[in-house]
Amino acid sequence: MTKKEETKILTAQMVLAKKGIIDAKPAPFHSDLFNADIEVENTHAKEFAEMLSSNADDEMYLYSRIIYENCPLFRDKTLLAEYELDDPYMLARTIYGANVVEFMRLGNYILDVYGANTADLARKIKKK
């Protein structure tokens, strides 16, 4: 067996060595639109998994939902009151308006934080 063909067996020591990386808070997302950083969380794994398994076929809605759930800014009561939305998950989409590229970049960044392959996930969502 060559070095290239060898596989490693995961050990407890390997997991513990990565613990700091796994538990680390993600770097903020830089918004060119607002010329500021947006705080991103990675503590909503349950909601993220539910979103992935949902039957929603609206990709923009799903992106808006993951942004809402993983960026404290978009859960701010002041913003929610100002935009008067029936569905708070639509806040991020509403705020970004026609700035679809940055909206999608932020959503993709959050997907990456959770370890999702963005291209494969986008295809999965579009098939639903």
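**View 1. The N-terminal end of helix α3 is capped by D58.** A side-chain oxygen of D58 lies 3.1 Å from the backbone nitrogen of M60. This is a predicted model, in which local features need pLDDT of at least 70 and side-chain atom pairs count only at pLDDT 80 or more, while totals for chains, interfaces and linings use all residues. Residues are numbered from 1 along each chain as its sequence is written, and side-chain values use heavy atoms, with hydrogens and water left out.

**View 2. Helix α3 comprises residues 59-70.** Helices (H or I, at least four residues) and strands (E, at least two) are DSSP runs, numbered from the N terminus. The 12 residues of α3 reach 17 Å from the first C-alpha to the last, close to the 16 Å expected at 1.5 Å a residue; the expected span is 1.5 Å times one less than the number of residues. Because 10 of its 12 residues are buried, α3 is largely enclosed by the rest of the structure. Buried means under 20% relative accessible area, exposed over 50%, and partly exposed in between (1.4 Å probe, protein chains only). Among the buried residues are L62, Y63, I66 and I67.

**View 3. E41 and R75 meet in a salt bridge of 3.0 Å, N to O.** E41 lies in the loop between β2 and α2, and R75 in the loop between α3 and α4 (77-83), so the pair ties together parts that are 34 residues apart in sequence. E41 is buried, with a relative accessible area of 16%, whereas R75 counts as partly exposed at 25%.

**View 4. The side chains of E39 and K25 meet in a salt bridge of 2.6 Å, N to O.** This pair links distant parts of the chain, 14 residues apart: E39 is in the loop between β2 (36-38) and α2 (45-53), and K25 is in the loop between α1 and β1 (29-31). E39 counts as partly exposed, at 39% relative accessibility, and K25 as exposed, at 55%.

Notes
A polar contact is a pair of N or O atoms within 3.5 Å; within protein, one must be able to donate a hydrogen and the other to accept it, and residues adjacent in sequence count only if both atoms are side-chain atoms. A salt bridge is a side-chain nitrogen of Lys or Arg within 4 Å of a carboxyl oxygen of Asp or Glu.
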